[in-house]
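Hi there,

Here is the structure I promised to pass on to you.

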Amino acid sequence: MKKEKTGHGRASGKIILMGEHSVVYGEPAIAFPFQETYISTKVEPDTNMLVDCHYFCGELSEVPPQLKSVKEVIKQTLNVLHKEKETFKITITSTIPAERGMGSSAAAAVSIVRALFDYFDMPCTQSELLPLVNRAEKIAHGNPSGIDAAATSGNDSLFFIKGQPIESFPMNVSNAYLIVADTGIKGQTRAAVSDVAHLFEQNKQRVSQHITELGHLTKLAKQAILTDDVYLLGKIMNQAQVQLKALTVSNDQLDQLVVTARENGSLGAKLTGGGRGGCMIALADSKEQAVKIATAIEAAGAKATWIQSLGVKN
């Protein structure tokens, strides 16, 4: 008896370590895959074209507007595979909180493309994957940088400047743990980016200084990672948070969690992503310290925390 075929795809979350907002103005950013959160997709035969996920369960043709990018990536992937008339059920499972700057929309697209290629026994290369994901991301975010697609589908840290090829490099910090904390509040990326642009128009010289400094700190962070200097990386993260606060993209909840992390031994702490909610990140030099920080952050109001080693796995 022939085994019933299924297809499987998976993608990690992503974290922006440095360069939020300044990346919009041509400065570099650093992002990397965050393996503690992920999205997995399963494709299995069905007589109808069905989608089953947290937001919706039913016919693909009836998905709500917030799943328009999912509908698009399925359609475009089937076009590439020349399987437009096939029907099946797609089940999407996620541990990435949505609208927190952790790449959930890109990860969903990556996992769907990989699952469909797997279902039809086709190898899925990055050169085939990324254009499909970025097309879906344009629907989800308007004008994506491409960094979410690259980070959620890869293994390395990414150094990125708008309009230039994404450069990968190893996360070479041997005794470092990153704590990610969810404020429980949806990030306000579009509003924050718009407000920074408005500030820029009002006081170009002052805002340019903050943006240039964020770019400088991002370059220093890359060197700290490559030279395995976790303490310098922590200091840089703290300095970046000062600049981000000056750009008005932090808020009371983020500030409180950042202070709590530092009071409990974090080497550095800052918001990550668009700000005004979403997540913050904190750096620790041991697993024990990371657990202590995570516990304190949760007591201070974080909805959830995750810990990931930044050390190179030998």
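Predicted model: local features only at pLDDT ≥ 70, side-chain atom pairs only at ≥ 80, totals over all residues.

Residues are numbered from 1 along each chain as its sequence is written, and side-chain values use heavy atoms, with hydrogens and water left out.

Searching the whole structure gives one cavity of 30 Å³ or more. A cavity here is a set of points, on a 1 Å grid over the protein atoms alone, where a 1.4 Å probe fits but cannot get out; lining residues have an atom within 4 Å of a point. Among the lining residues are Glu 99, Arg 100, Thr 189 and Thr 272, along with glycines including Gly 101 and Gly 187. By class, the lining has no nonpolar, nine polar and two charged residues (nonpolar: Ala, Val, Leu, Ile, Met, Phe, Trp, Tyr, Cys and Pro; charged: Asp, Glu, Lys and Arg; polar: the others, Gly among them).

Now the backbone. Most residues other than glycine have a negative phi. His 82, however, has a positive phi of about 55 degrees, and it sits in the loop between helix H1 (68-81) and strand E5 (88-94). Helices (H or I, at least four residues) and strands (E, at least two) are DSSP runs, numbered from the N terminus. Arg 276 also has a positive phi, of about 60 degrees, in the loop between strands E9 (268-272) and E10 (279-284). Are these two residues buried or exposed? His 82 is exposed, at 64% relative accessible area, whereas Arg 276 is buried, at 19% (buried is under 20%, exposed over 50%, partly exposed in between, with a 1.4 Å probe and protein chains only).

Next, the helix pair. H5 (189-202) and H6 (204-226) pack at about 130 degrees, their axes 6 Å apart. H5 is therefore oblique to H6 (under 35 degrees is roughly parallel, over 145 roughly antiparallel, 65 to 115 roughly perpendicular, the rest oblique). Axes are lines fitted to C-alpha atoms over the stretch in contact, and angles run from 0 to 180 degrees between N-to-C directions.

Finally, Glu 288 lies in helix H9 (287-299). Glu 288 and Glu 86 are 202 residues apart in sequence and 51 Å apart in space, C-alpha to C-alpha.

Best wishes

Terms used: 1 Å grid on protein atoms, 1.4 Å probe; cavity = no way out; pocket = protein on both sides within 12 Å on 5 of 7 lines; lining within 4 Å. Points joined across faces, edges and corners; volume = space filled by probe spheres on them.
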